[in-house]
Amino acid sequence: MSERLAHAPVRMDQTTHKKMMRGKLKPEARIDLHGMTLAQAHPALTRFILDAHDDGLRLVLVITGKGKDRDDPGPIPIRRGVLKHQVPNWLHMPPLGRVVLDIREAHIRHGGTGAYYVYLRRAR
């Protein structure tokens with residue numbers, strides 16, 4: 001997931017993107033989904049992103065956590081970090097896809113691989 005987001009084309013202003021990736025831009029709001037189930041996290045994320053967009057915010061931080069290693073690997077591999085993998089998909093699907101401009105993994109200062117910067121479109 002990290003590599004896919006890193007190699008995705010930049011859809012925002014290049015100067016703002018560079019500042020964001022260096023951790024120089026401070027997120028205007030944040031939500032911590034770490035420890036939530038998928039059923040709890042999806043409506044919370046939807047409500048947070050739509051409210052942030054309505055408030056005119058541009059850069060928000062979504063904390064998912066890195067995921068944890070399972071004690072028993074078993075014969076079938078279990079993906080590490082279910083929320084970390086699911087959140088970008090939710091952000092690209094309706095109704096969030098129309099307000100999200102870009103998604104990038106956060107700088108270590110703001111959570112590193114366990115968080116995402118979500119850059120929102122301008123509110124009309």
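Trainee: Which residues are buried in helix α2 (residues 14-21)?
Mentor: Thr16, His17 and Met20 are buried there. Buried means under 20% relative accessible area with a 1.4 Å probe, counting protein chains only; exposed is over 50%, and partly exposed is in between. Helices (H or I, at least four residues) and strands (E, at least two) are DSSP runs, numbered from the N terminus.

Trainee: What kind of model is this?
Mentor: This is a predicted model: local features need pLDDT of at least 70, side-chain atom pairs count only at pLDDT 80 or more, and totals for chains, interfaces and linings use all residues. Residues are numbered from 1 along each chain as its sequence is written, and side-chain values use heavy atoms, with hydrogens and water left out.

Trainee: What do the buried residues of α2 pack against?
Mentor: Three strands: β2 (59-63), β3 and β4 (115-120). The helix lies across them, running at about 35° to β3. Axes are lines fitted to C-alpha atoms, for helices over the stretch in contact, and angles run from 0 to 180 degrees between N-to-C directions.

Trainee: And His17, what does it touch?
Mentor: Val10, Met12 and Arg104, leaving out residues up to four places away in sequence. Contact means heavy atoms within 4.5 Å. His17 counts as buried because its relative accessibility is 12%.

Trainee: What comes just after α2?
Mentor: Gly23, with a positive phi of about 80°.

Trainee: Zooming out, how many helices and strands?
Mentor: The protein has 4 helices and 4 strands. The pattern along the sequence is α-α-β-α-β-α-β-β. Of its 124 residues, 42% count as buried.

Trainee: In what order do the strands form the sheet?
Mentor: β1-β2-β4-β3, as an open sheet with mixed pairing. Two strands pair if DSSP finds at least two bridges between them. The twist averages 20° from one strand to the next.

Trainee: Which strands stand at the edges?
Mentor: β1 and β3. Each has a single partner strand, so one side of each is left without a neighbour in the sheet.

Trainee: How does β2 pair with β4?
Mentor: Antiparallel, over 5 bridges. Val60 stands opposite Val118, and Ile63 has Ala115 as its bridge partner. β3 is also joined to β4 by 5 bridges, and that pair runs antiparallel. There, Val100 stands opposite Leu120.

Trainee: New topic. Which residues touch the most other members in the largest nonpolar core?
Mentor: Leu33, Leu45, Ile49, Val60, Leu91 and Val100, out of 24 residues. A nonpolar core is a set of buried Ala, Val, Leu, Ile, Met, Phe, Trp, Tyr and Cys residues joined through side-chain atoms within 4.5 Å. α3 gives the most to this core, with 6 residues. Apart from this core lies another, of 9 residues, including Leu101, Ala106, Ala115 and Tyr119.

Trainee: What does Leu45 touch?
Mentor: Ile31, Leu33, Val62, Val87, Trp90, Leu91 and Leu96, not counting residues up to four places away in sequence.

Trainee: How does α3 lie?
Mentor: Across β1, β2, β3 and β4, running at about 170° to β2. Thr46 sits in this helix, residues 38-54. Thr46 is buried, at 15% relative accessible area.

Trainee: Where is Pro95?
Mentor: In the loop between α4 (82-92) and β3 (100-105). The peptide bond from Pro94 to Pro95 is cis, with omega near 0°.

Trainee: Last one. What covers the buried residues of α4?
Mentor: The cover includes α1 (2-7), α3, β2, β3 and β4. The buried residues in α4 are Leu83, Lys84, His85, Val87, Pro88, Trp90 and Leu91.
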